[in-house]
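Please read this short report alongside the sequence and the 3D view.

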Amino acid sequence: YEMAGIYPDAKTFTQVTLTQVVEYLFQFVPWSADVVPNDTKQDYIIDGTQTAQAIIQDLQVKFNVEIDAYVTLNNSGRINDRVVYFGKLGTNKGTLIRSGSRSKGYESMTATSVSDTLYTKIHVKGVTDENDATMGSITSINGGLDYIVDDKANALYNPVSASNGSYREVRLENTVLKEPTALLNWAKEQMQLFNHPRYNYTVVALHDMVAGLGDAVAIQDKKAKPPIYLTIRVIQRAFSFSSPETNALTFGEFSSLNIVNNRTVDA
């Protein structure tokens with residue numbers, strides 16, 4: 001709510017790092033920033049009309065980072081600071097957990113459908129610029145097309161329509177990005193989110209299983225029908241020191257913050 005009401009002053013950066021942009025941005029934001037060093041350098045413009053929220057979302061795409069927010073508490077349990085984290089969440093340590101295993105195992109797992117809505121053709125539109133007709137569209141770098149498709153996913157999840165040359169279509173509008181390359185990269189990211197049915201898996205973990213937010217974990221249950229073999233990331237943790245039997249991990253997919261319009265055009 002605060003970020004959406006803050007408009008940082010305009011500034012043009014030349015070959016700037018993520019840390020430098022964030023340091024400038026957070027002069028206007030009543031939060032602290034925790035930035036993992038990123039060697040990527042690029043030109044960047046804050047035009048004075050964008051909110052802090054929009055800029056943060058743009059930085060997420062431009063510098064290919066993940067964003068989290070958290071609070072720190074003082075000894076009295078009161079909020080001491082509010083922090084926005086820029087970096088990559090979790091690690092991929094190759095951790096393997098098995099159903100019923102006495103070591104690093106889990107007692108039960110529940111699969112919940114997050115969304116059975118999927119798209120295999122995405123039309124994308126960004127912020128237009130009256131002085132440059134190529135801005136706000138991917139047509140100039142995408143063979144004149146304003147959309148991308150995923151034929152493999154279409155054949156797998158949309159077989160009847162795919163046999164007739166049809167796709168599951170959607171129009172997505174991004175109110176932050178305007179550069180064609182950034183828009184195309186964003187469209188590809190959205191395709192990976194929406195080209196398949198999505199599920200979250202909640203695992204009641206044994207006390208010795210430790211995984212952090214964002215960690216990639218392999219899950220196996222060879223006795224399930226059909227057998228379960230997953231490599232998936234931790235998106236939520238619930239741990240209790242007093243009641244470890246309630247410990248649970250939720251696995252799933254991190255979703256983008258950038259979707260502002262998700263309208264189906266071909267049901």
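In which strand does aspartate 68 lie? Aspartate 68 belongs to strand β4, residues 66–73; strands (E, at least two residues) and helices (H or I, at least four residues) are DSSP runs numbered from the N terminus. The model is predicted, so local features need pLDDT of at least 70 and side-chain atom pairs count only at pLDDT 80 or more, while totals for chains, interfaces and linings use all residues. Residues are numbered from 1 along each chain as its sequence is written, and side-chain values use heavy atoms, with hydrogens and water left out.

**Around aspartate 68**

Aspartate 68 has a relative accessibility of 25%, so it counts as partly exposed. The classes are buried (under 20% relative accessible area), exposed (over 50%) and partly exposed (in between), with a 1.4 Å probe and protein chains only. Contact means heavy atoms within 4.5 Å. Apart from neighbours within four places in sequence, aspartate 68 is in contact with Val83, Val84, Tyr85, Leu89 and Leu213. Leucine 213 is 145 residues away from aspartate 68 along the chain, yet their C-alpha atoms are separated by 9.9 Å.

**Aromatic rings**

Rings of Phe, Tyr and Trp (its six-membered ring) pair if their centres lie within 6.5 Å; planes under 30 degrees apart count as stacked, over 60 as edge-to-face and the rest as tilted. The count by this rule is 4 aromatic pairs. The table gives two of these pairs.

| Pair | Centre distance | Plane angle | Class |
|---|---|---|---|
| Tyrosine 24 and phenylalanine 28 | 5.3 Å | 65° | edge-to-face |
| Phenylalanine 26 and phenylalanine 86 | 6.1 Å | 85° | edge-to-face |

Phenylalanine 26, in the loop between α1 (18–25) and β2 (32–35), and phenylalanine 86, in strand β5 (residues 79–87), are 60 residues apart, and their pair links distant parts of the chain. Both of these residues, phenylalanine 26 and phenylalanine 86, are buried.

Tyrosine 24 is buried at 14% relative accessible area, whereas phenylalanine 28 is partly exposed at 27%. With Phe13, Tyr24 and Phe28 form one aromatic cluster.

**Whole chain**

The chain has 5 helices and 15 strands. Of its 267 residues, 39% are buried. Among contacts between residues at least 6 apart in sequence, 67% join residues at least 24 apart.
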